[in-house]
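My notes follow the order in which I checked them.

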Amino acid sequence: MGEKALVESLVSDAIALITKLDEVETSPTFAAWYYYDDADEWRLLIASPALDPLLQKQEAVAYRKVIEVLASTSPAALNLSDLKLVATRYQLLQAVKFLVGTGPRGIARAHFKDCTVNGIFIKELVVLRSA
């Protein structure tokens, strides 16, 4: 299976979404593009303490909040099917936060490929925020 490239417009849209989520008090503590090798697709993983309570029993409400913010950014390429909301206790987030620290509203572009972090194999990952 060929590896699908992550295009710049998706990264730019993701950064715009993160910035807008900061403005509406839903600041992500973690945001990263993660490549799912088995599905040959990239997903934008987002974790926010403000969304944690909703993810347990009202996942659709959490997605709706993020989609409303996304729509206000007029994305060029990013859409709902690219997003995956995860809890702040998500295993990958816990493994990566020791490697990348951006601060609560910082943005980075830390790229990892074909590596293992705390026992988790990462085919490819681009961390945008890890606070």
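Entry 1, helix packing. I worked from a predicted model. I looked up how α1 and α3 lie relative to each other and found an angle of about 115 degrees, with the axes 9 Å apart. Angles of 65 to 115 degrees count as roughly perpendicular, and α1 and α3 are therefore roughly perpendicular to each other. I noted that their crossing is right-handed. I then listed the residues that meet: L17, K20 and L21 from α1, and V66, V69, L70 and S72 from α3. I sorted the residues of this contact into five nonpolar, one polar and one charged.

Entry 2, aromatic pairs. I asked how many aromatic pairs there are, and the count came to two. I recorded Y34 with Y36 as edge-to-face, at 4.7 Å centre to centre and 75 degrees between the planes. Y34 and Y36 are both buried. I recorded Y35 with W42 as tilted, at 5.4 Å centre to centre and 55 degrees between the planes. I checked burial here as well: Y35 counts as buried because its relative accessibility is 1%, and W42 is buried at a relative accessible area of 6%.

I located K4 in the segment before α1, which spans 8–23. Is K4 buried, exposed or partly exposed? I found K4 partly exposed, with a relative accessible area of 46%. Setting aside neighbours within four places in sequence, I found K4 in contact with Y35, D40, E41 and W42.

Key
Residues are numbered from 1 along each chain as its sequence is written. This is a predicted model: local features need pLDDT of at least 70, side-chain atom pairs count only at pLDDT 80 or more; totals for chains, interfaces and linings use all residues. Side-chain values use heavy atoms; hydrogens and water are left out. Helices (H or I, at least four residues) and strands (E, at least two) are DSSP runs, numbered from the N terminus. Buried means under 20% relative accessible area, exposed over 50%, partly exposed in between (1.4 Å probe, protein chains only). Contact means heavy atoms within 4.5 Å. Axes are lines fitted to C-alpha atoms, for helices over the stretch in contact, and angles run from 0 to 180 degrees between N-to-C directions. Angles under 35 degrees count as roughly parallel, over 145 as roughly antiparallel, 65 to 115 as roughly perpendicular and the rest as oblique. A crossing is left-handed if the near helix is turned anticlockwise from the far one by less than a right angle, and right-handed if clockwise. Ala, Val, Leu, Ile, Met, Phe, Trp, Tyr, Cys and Pro count as nonpolar, Asp, Glu, Lys and Arg as charged, and the others, Gly among them, as polar. Rings of Phe, Tyr and Trp (its six-membered ring) pair if their centres lie within 6.5 Å; planes under 30 degrees apart count as stacked, over 60 as edge-to-face and the rest as tilted.
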